[in-house]
Amino acid sequence: MEVISAPGADPRQWLVAYLRTRARLASLASDFQCDPDCSRPGCKNLDLLVQVSILDLLGLAGRLKEPVATVYRRYCSLGLFPDGRTDLIRMVGMKLQRPCPFLENDLCGIYPVRPLPCILFPEYLGAEGKLAATAKEEHFRDYLCLHRPLLLSPERAGIMARLKQMWARETLFTSIYLFGHGPCYLDFGNLARELQQRAKAGMAPEAAENPAPGTIPQSLLEGFFGEHLARLQPFAGVAAKIETLDNREAREQLLRLFQDNLWFKKHKQSRDERALVFQFVKGKLKATRRSLLPREYTFY
Ligand code: SF4
């Protein structure tokens, strides 16, 4: 971790400096500007999943001057992220409520501390060569910024890479803090038939007669998670863990740990190679550590 404020600085000051650095990098050497005619389809989208980290949550609490637990309860929850996958595996993480509660008169009401995924969009698509393909997706039809050239200087591309590194560190840390492990996934593969029947039951009669093969709506997975899985560990303990962050000592300890490069080195493997994957079997969550390379999971 690079030095953002003086070593040994008060953790609260360190957090302020860290979030300021993020906000500065958000626009440094960038030619991107939101189109004035943009109707903010992303921020208004009911399907939008904005992942947030513990650092985002602390930044929000500071900005809104509310306890961390209140901010979590009011504006966030656990969510299931497809994470680029097309199968029935979802990553579990914290997300903003939908539609985003911070859009005010088409402006972001928390702009200086907006979550990193909001900062990264849409430039990271350009940096990763995904802009053209994303623009073609039906979901992004109304995103004006995806339908015009997006130029990234080499300097800006380097800054995007740095922001993505910060995000990787924040998400790994958040997952370990909330769930006691690096990335945590739910594998709904063993429930595919039951979920497909539920999906069919919820469809309009014409669609149910001829359902698209293998499609299970995200909303149905989220509903199943809320109904059956969120009350089981490790997910059931999340709200209580977040509550501890209203204790100053616990918060300072957490921020010191976040700056500890040795701690990250130790946990890096759980991010890169082995994820914790849960399946819901006979009313219980069973976990296995396994690789989630896409090729192993193309059969659903
Ligand atoms: S936090 Fe701000 S930028 Fe992000 S979705 Fe909400 S309003 Fe939009």
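Let's start with Arg40, which counts as partly exposed because it has 17 C-beta neighbours inside 10 Å. Keep in mind that this is a predicted model. Arg40 sits in the loop between helix H1 (11-27) and helix H2 (41-44). Its phi is near 55°, a positive value in a residue other than glycine. Why point that out? Because most residues other than glycine have a negative phi.

Asp106 also has a positive phi, near 65°. You'll find Asp106 in the loop between S4 and strand S5 (107-108). Is Asp106 buried or exposed? Asp106 is exposed, with 11 other C-beta atoms within 10 Å.

Now for the peptide bonds, most of which are trans in general. Here, the bond from Arg98 to Pro99 is cis, with omega near -10°, and Pro99 belongs to the loop between strand S3 (89-96) and strand S4 (103-104). Phe121 and Pro122 are joined by a cis bond too, with omega about 0°. Pro122 is in the loop between helix H5 (116-120) and helix H6 (123-127).

On to helix packing. Helix H3 (residues 54-64) meets helix H4 (residues 68-75) at an angle of about 105°, their axes 9 Å apart, so H3 is roughly perpendicular to H4. On the H3 side, the contact includes Leu57 and Leu64, and on the H4 side Val68 and Tyr75. By class, the contact has 9 nonpolar residues, no polar and no charged ones.

Finally, the ligand. Among the residues surrounding it are Cys43, Cys100, Cys108 and Cys118, along with Arg114. That shell divides into 9 nonpolar, no polar and 1 charged residues. Thanks, everyone!

Conventions. Residues are numbered from 1 along each chain as its sequence is written. This is a predicted model: local features need pLDDT of at least 70, side-chain atom pairs count only at pLDDT 80 or more; totals for chains, interfaces and linings use all residues. A residue is near a molecule or strand if its C-beta atom, placed from the backbone, lies within 6 Å of it. Ala, Val, Leu, Ile, Met, Phe, Trp, Tyr, Cys and Pro count as nonpolar, Asp, Glu, Lys and Arg as charged, and the others, Gly among them, as polar. Axes are lines fitted to C-alpha atoms, for helices over the stretch in contact, and angles run from 0 to 180 degrees between N-to-C directions. Helices (H or I, at least four residues) and strands (E, at least two) are DSSP runs, numbered from the N terminus. Angles under 35 degrees count as roughly parallel, over 145 as roughly antiparallel, 65 to 115 as roughly perpendicular and the rest as oblique. Two residues are in contact if their C-beta atoms, placed from the backbone, lie within 7 Å. A residue is buried if 20 or more other C-beta atoms lie within 10 Å of its own, exposed if 12 or fewer, and partly exposed in between; C-beta atoms are placed from the backbone.
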